[in-house]
Amino acid sequence: MAAEDEIVVFEDFFPAMVDKLGAEGLIKELCNGFRLLMDGEKGLITVESLKKNLTLLGLQGMSDDELVCMVSEGDLNGDGGLDEMEFCTLMFRLSPALMKSSRTLLEEALVGGM
């Protein structure tokens, strides 16, 4: 099978994380993930910071082009990296189940934070 014919199976663990951690806990874990992946000097997740963490993420085979696409997908302000809000937004967008229930999660997080 050629590399372009490979099928990637994505298992969405976010709904289970919400069930276990609640909305506030999920946001806290996303923020921890952001800090783990970000470039400490820039305060952003960059292609370079992702490249340094490929093994940690289990993504050793990803090309530079794929990493650029990952960052570009969530880079809403066009600065070439993901800030914490862009990262969290991207993670929600990539989870079909969370997109369906995101309003409820947001309300829970806001009420819990007050």
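**Cysteines, core and confidence**

Modeller: Cysteines to begin with: this is a predicted model, and the disulfide count in it comes to zero.

Colleague: Is cysteine 31 buried or exposed? And cysteine 69?

Modeller: Cysteine 31 is buried, at 17% relative accessible area. Cysteine 69 counts as exposed, with 53% relative accessibility.

Colleague: OK, switching to the core. Which residues have the most contacts inside the largest nonpolar one?

Modeller: Leu30, Ile45, Leu50, Leu82 and Phe87, out of 17 residues in that core. The elements giving it two or more residues are α1, α2, α4 and α5.

Colleague: What does phenylalanine 87 touch, leaving aside its neighbours within four places in sequence?

Modeller: Its contacts there are Leu30, Gly33, Phe34, Leu37, Ile45 and Leu82.

Colleague: And how do α4 and α5 pack?

Modeller: At an angle of about 100 degrees, with the axes 8 Å apart. That falls in the 65 to 115 range, so α4 is roughly perpendicular to α5. On the α4 side, Met70, Glu73 and Gly74 meet Glu86, Leu90 and Arg93 of α5.

Colleague: Where is confidence lowest?

Modeller: In helix α6, residues 96-113, where the mean pLDDT is 65; α2 has the highest, at 93. Across the protein the mean is 81, and 75% of residues reach 70 or more.

Key:
Residues numbered from 1 in each chain as written. Predicted model: local features only at pLDDT ≥ 70, side-chain atom pairs only at ≥ 80, totals over all residues. Heavy atoms only, no water. Core = buried A, V, L, I, M, F, W, Y, C linked by side-chain atoms within 4.5 Å. Buried < 20%, exposed > 50% of the residue type's maximum accessible area, 1.4 Å probe, protein only. Helix = DSSP H or I, 4+ residues; strand = E, 2+ residues; numbered from the N terminus. Contact = heavy atoms within 4.5 Å. Disulfide = S-S within 2.5 Å. pLDDT = per-residue confidence, 0-100. Axes fitted to C-alpha atoms, helices over the stretch in contact; angles between N-to-C directions. Parallel < 35°, antiparallel > 145°, perpendicular 65-115°, else oblique.
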